[in-house]
Amino acid sequence: MAMNNPFARPGTTREWLRSSLCWTGASLGAWWLGYLLIDNMLRQVAGGLLAFLMPVGFCVAHVLIWRRAVAGGRAIIRHDEQHHDFSWTRLAANLWLVALTLFQVAGLLSPLLLIGWVLLRAGSVEPSTSGEPFFG
């Protein structure tokens, strides 16, 4: 029986691939549309909220992607590997799982890397040697 709802719990590799693509697209698409809505239409009202809502929304999108698209994917693919011959769908699912996992790790590490980069740049700025305060 075919899975009609791509957001339902998948049972096969083909269903998992479709489901994970849908969850990823929906999560990031909702985040992006929220950003556009707040940035373009509600900037005057929620200007200060934008700096808070966008990172929170991005974190929510990543949690949804991890729980609904990544988690369980390896087990479904491994089960398919053990019980069936090679398939292009399984190869695509493996590649998608690797790309999605790397995207998730990059999303988790990027704030830490940004903070580290800012701290390194702040520590490497040489103090002004002239007597003028702004024209080093």
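**Pockets and aromatic pairs in the predicted model**

Helix H2 (43-70) and helix H4 (88-124) each contribute at least two residues to the lining of the largest pocket. Helices here are DSSP runs (H or I, at least four residues), numbered from the N terminus. A pocket is an open set of points on a 1 Å grid over the protein atoms alone, with protein on both sides within 12 Å along at least five of seven lines, and lining residues have an atom within 4 Å of a point. The model is predicted: local features need pLDDT of at least 70, side-chain atom pairs count only at pLDDT 80 or more, and totals for chains, interfaces and linings use all residues. Residues are numbered from 1 along each chain as its sequence is written, and side-chain values use heavy atoms, with hydrogens and water left out.

The largest pocket has a volume of about 300 Å³. Among the 13 residues lining this pocket, Phe-58, Cys-59, His-62, Gly-107 and Leu-108 are the closest to its centre. H4 gives the most to the lining, with seven residues.

The second largest pocket holds about 230 Å³ of space. H1 and H2 are the elements that give two or more residues to its lining, and H1 gives the most, with three residues.

Aromatic rings of Phe, Tyr and Trp (its six-membered ring) pair if their centres lie within 6.5 Å; planes under 30 degrees apart count as stacked, over 60 as edge-to-face and the rest as tilted. Six aromatic pairs are counted by this rule. Trp-31 and Tyr-35 are stacked because their ring centres are 6.4 Å apart and their planes are at 20°. Trp-31, Trp-32, Tyr-35 and Phe-58 form one aromatic cluster.

Key: 1 Å grid on protein atoms, 1.4 Å probe; cavity = no way out; pocket = protein on both sides within 12 Å on 5 of 7 lines; lining within 4 Å. Points joined across faces, edges and corners; volume = space filled by probe spheres on them.
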